[in-house]
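Open the model in your viewer and keep the selection tool at hand.

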Amino acid sequence: MQNVMIIGGGQGGTAIFDILNQSEMLRVKAVADIRPEAPALLKAKEQGILTGKDWKTLLTDEIDIVIDVTGDERVHRALLAEKRGFTIIPGSIAYVIVKLIHEKEALIRQLKNQARKNELIIQSINDGMIIIDAEGTITAFNRAAERMTGIGGKDAIGKPIDQVIPSSDLPQTLAAKIPAIHEKYTFPNGTKVIASRIPILDDGGRVLGAFAVFKDVTELVSLAEEVTNLKEVRTLLEAIIQSSNDAISVVDEKGLGIMVNPAYTRLTGLKEEDVIGKPATIDISEGESMHMKVLKTRKPVRGVRMKVGVRKKDVVVNVAPIIVDGQLKGSVGVIHDMSEILSLTAELNAAKERIRKLEAKYTFQDIVGRSDEIRIAVEQAKIAARTPATVLLRGESGTGKELFAHAIHNESDRKYNKFIRVNCAALSESLLESELFGYEEGAFSGAKRGGKKGLFEEADNGSLFLDEIGELSAKMQVKLLRVLQEKEIIRVGGTEPIPVNVRIIAATNRNLEREIAAGKFREDLYYRLNRIPIHIAPLRQRKEDIPLLCAHLIRKINHDYGRSVEGISPSALKKLESYDWPGNVRELENILGRAIIFMGKHERTIEEHHLPDFLENRPTLQKESFPGFPPGTGRSLSELLDSYEREIIRSTLAKNKGNKTKTAKELGLSIRNLYYKLEKHSIL
């Protein structure tokens, strides 16, 4: 058993404390929290466990594991600085690990329960049974054996068989490895029995022990008077098999089914009439018939995986030959259902995968650039990370808004909690509402029993990244505004408000001020979101970052594609720097990835000819083509640039007789970007 110290006695620490109290493998040795009224601290005091404000005073060499539930980076660093042999586990991970340990202990208890059931079966049969191990020591001595021998089980178990019953002949069975069937025997107390002694062998023929089954002669005579034909004997055998919770099938020496029990029918979906008299392969969906293998080799098989029945159940089978007087009479198979264990394993893997997806992947070290624009944005983001205020990331598509969102979360004090991403433009309004706010049972057709938590509840004490926030409908804007104002949500179909503590990081490539003027975005929501606005400049405004970005992206693409490109030539770099990059960093990565894919295996440098031609084919504008915009017109630079861009697109579109593909190619735009600008400038 390992000793555990919990740092942080709040809600998370209390949950872990309660689970550890049920564990047989981990023991809470100490609980620390700066708050004397912390729930876990109070519980620990009631149980006589060491408590205190300063964890350092409680940290002794007896502590094997320290679970940090504070979420305080300073505590985490201080723990790392300790030069002792303990393991540090963050609270969120510890909760999952402890739950898994708890589940493991539950499975162990199930195995122990099964062992107890087997013991009950041995004790309940009317035949006497004695089992010894390979050393001749008695390991089982049932009540029927006590009655027939006059020896108590407590006086027999754990002692050598030669001391308890010197004339049992079980040691000879161990040595000879040969069964002795239906022999007459008289116990020292005068009881006469018919006994069978059988060695217990593994697949390799190694002796594991032996057992003796014996029946009082008087009982046998009484039974013989009742059982007058084979049908009645079969009925008795069937009654024993029918009582088993494990699926059992029996075949004769030809491999034809002669008996199955109800557990077999429940597992495979096959009834007696589907199996009796049919070949042993009738129930196999995938795999080889172990009955046929045992009949051929006359050796038992154990732990073979296969799928059986119409439901293709995943099972493990143990099959043994039935040998009477040295003659093979058939084989018996015991089938264990593996579907439940596989289902639990799948759920565990799904939980691990979900945990992995709920973690932020990037930090500020992953943001590449040395331009003033990117350095200012990073500094603003670092300041934002230190506060719980809402952040609004603004910038064109492909500038790296999600990268900033990841970094802000990882720099904040919520870094050990969940980071959940939602693309507001990718889901319909109804689906987005149920995903964000969850729903109660029966809220709509198809709702899960018991309802479902929404992403706001899932992200409690963490961060929620709302990408494309400008795409929200008016109804969803109202609901989001309530969350930001009241710090609570109401599930779909519910009436009770649920408090949530979530840090919102929003992002958009739309001009929200223009959307407000057009009545498409709520002004009050805008002010709530715009507490800490961070503008991420497009790549065309920070072209000095292109060399660094190229080096970073080439390393990334090499890793993804298994290539070994070393860099980019000066001429190719100059070509990239001359382009305006309407698709920003995402487009740059696309261009570099395409170039690397089509490079020869021997080439190590991206040259100018590896890059697409459209990087050079930018339109040249004649001064006389469009009216100038002299200063003093009363229009802002942004308005002048928009007007100039509108005239360029109209002129080029007219020149190409409305052909958008040719227009996009001539302007050096992607077709998607062209459509965006057509919509932006209301050009039909």
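**Stop one: a loop arginine**

Select R563, in the loop between α23 (546-561) and β24 (567-568). Helices (H or I, at least four residues) and strands (E, at least two) are DSSP runs, numbered from the N terminus. This is a predicted model, in which local features need pLDDT of at least 70, side-chain atom pairs count only at pLDDT 80 or more, and totals for chains, interfaces and linings use all residues. Residues are numbered from 1 along each chain as its sequence is written, and side-chain values use heavy atoms, with hydrogens and water left out.

R563 is buried but has no salt bridge. Buried means under 20% relative accessible area (1.4 Å probe, protein chains only); a salt bridge is a side-chain nitrogen of Lys or Arg within 4 Å of a carboxyl oxygen of Asp or Glu. The nearest side chain of opposite charge, E603, is 6.4 Å away. Now show M599: the R563 side chain reaches its backbone oxygen at 3.1 Å.

**Stop two: helix α18**

Select residues 429-437, helix α18. Its buried residues are L432, E433, S434, L436 and F437. Next comes G438, with a positive phi near 75°.

**Stop three: a sheet**

Colour the six strands of the open sheet in the order β12-β11-β16-β15-β14-β13; their pairing is antiparallel. Strands pair if DSSP finds at least two bridges between them. To finish, select E286 and its bridge partner in β14, K307.

Methods: Buried < 20%, exposed > 50% of the residue type's maximum accessible area, 1.4 Å probe, protein only. Lys, Arg positive; Asp, Glu negative; His and termini not counted. Polar contact = N/O pair within 3.5 Å; in protein donor to acceptor, adjacent residues only side chain to side chain.
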